[in-house]
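Let's take a walk through this structure together. Have a look at it first, and then we'll go from one spot to the next.

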Amino acid sequence: MATIVIDIHNHILPGIDDGPQTEDEAIELVKNAAAVGITHIIATPHHRNGKFNNNTSNIQYLVNKLNQQLSSQGIPVTILEGMEIQLYENLLNELTDSLLPLAGSKKYMLIELPKNHIPHFTAPIFFEMQLRGYIPIIAHPERNSIIRSDPGQLFELVNRGALVQVNASSITGANGRAKRKFALKLCKNHLVHFIASDAHHYKKRPFLLQSAYARLQRKMSPDFVEYVKQNAQHVLSGTEFHSLPPIHPK
Ligand SMILES: [Fe+2]
């Protein structure tokens, strides 16, 4: 059986955020993913980030449309639905109606924090989400300046059940040495559960997943790479998994 490679965070759908603007650009981006061995792409357009709002039925429509185009062109990649939701105070009231979990899992939700602070309602919302059967995945915490200066705050959220996705570009160094060093530190402290591309454009922000895995293989271990890959499979199948116990970063 062919190996499954899953990307849980990217902007692949055309014309609805700062990802590809046309269908042709979206297809180019999928071809880029296919070229590096990705078989499943969970589309996560921005939602509530101050610039883009997206409704669930339009996302589902675009996912179906893109899948049809891919199969008619013989491109062996499956697109699944999702959203990258910027955390907002009223999130719980809209959880079941306006927000899409990843890959139809009814469980995993990709949540982005603002760049320069951690809202006071973060931990209470995450707690309540979990009571309702959801698991928040914090998108690219390495981009949050508070977490970079005090990663103990990320530890607290992980210790209470949140999961973490780090960008492949932060692992490879495409976002600079400081973020690369910080991303590796998070991995070493078991504060990373997923690596994803956050791809936006086939040239400017492509799928760097495999080069990130290759680097982690050297800097962490083959087992750790297998762990993050397996975790992504659990998102795809909507099943829970045991994560490595987080270590408080000193
Ligand atoms: Fe993103």
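Which residues coordinate the iron ion? They are His9, through NE2, His11, also through NE2, Glu84, through OE, and Asp198, through OD, at 2.1 to 2.3 Å. Donors here are N, O and S atoms within 2.8 Å of the metal (3.2 Å for Na, K and Ca), and since water is not among the atoms, sites may look incomplete.

Before going on, a word on what you're looking at: this is a predicted model, where local features need pLDDT of at least 70, side-chain atom pairs count only at pLDDT 80 or more, and totals for chains, interfaces and linings use all residues. Residues are numbered from 1 along each chain as its sequence is written, and side-chain values use heavy atoms, with hydrogens and water left out.

Back to the iron ion. Its four donor atoms subtend angles of 85 to 173°, so the arrangement is irregular. For that label, the rule goes like this: four donors are tetrahedral if all angles lie between 85 and 135 degrees; four are square planar and six octahedral if opposite donors are over 155 degrees apart and all others between 65 and 115; anything else is irregular. Along the sequence, the donor residues follow the spacing H-x1-H-x72-E-x113-D. His9 sits in the loop between β1 (6–7) and α1 (23–35), while Asp198 is in the loop between β9 (194–196) and α9 (209–219), so this pair ties together parts that are 189 residues apart in sequence. (Helices, H or I with at least four residues, and strands, E with at least two, are DSSP runs numbered from the N terminus.)

Are these two residues buried or exposed? His9 is buried, at 0% relative accessibility, and Asp198 is buried too, with a relative accessible area of 3%. The cut-offs are under 20% relative accessible area for buried and over 50% for exposed, with partly exposed in between (1.4 Å probe, protein chains only).

Stay with Asp198 for a moment, as it also takes part in salt bridges. A salt bridge here is a side-chain nitrogen of Lys or Arg within 4 Å of a carboxyl oxygen of Asp or Glu, and by this rule there are seven. One of them joins Arg143 to Asp198, at 3.4 Å from N to O. That pair links distant parts of the chain, 55 residues apart: Arg143 is in the loop between β7 (135–139) and α5 (145–149), and Asp198 is in the loop between β9 and α9. Asp198 also forms a salt bridge with Arg205, where the closest N and O atoms are 3.6 Å apart. Together, Arg143, Asp198 and Arg205 are linked in a network of salt bridges. Arg143 is partly exposed at 23%, and Arg205 is partly exposed at 34%.

Elsewhere, Glu128 and Arg132 make a salt bridge with their closest N and O atoms 3.1 Å apart. Glu128 is partly exposed, at 25% relative accessibility, and Arg132 is partly exposed at 42%.

Now for strand β7. Five of its five residues are buried, so β7 is largely enclosed by the rest of the structure. Both faces are covered, with Ile135, Ile137 and Ala139 on one side and Pro136 and Ile138 on the other.

What are the neighbours of β7? Strand β6 (residues 108–112) runs parallel to β7, joined by five bridges; two strands pair if DSSP finds at least two bridges between them. Among these contacts, Glu112 has Ala139 in β7 as its bridge partner. Strand β8 (residues 163–167) is also parallel to β7, with three bridges, and here Ile138 stands opposite Val164 in β8. With helix α4 (residues 122–131), β6 and β7 make a right-handed β-α-β unit. Right-handed means that, with the strands pointing away from the viewer, the path from the first strand over the helix to the second runs clockwise.

There's also an open sheet of three strands, in the order β1-β2-β4, with parallel pairing. β1 and β4 (78–80) stand at its edges with a single partner strand each, so one side of each is left without a neighbour in the sheet. Strand β2 (residues 40–42) pairs with β4 over three bridges, and His40 stands opposite Thr78 in β4.

Last stop: Pro245, in the segment after α10 (222–237). Pro245 is exposed, with a relative accessible area of 58%. Its C-alpha atom is separated by 8.5 Å from that of Leu191, 54 residues apart along the chain.
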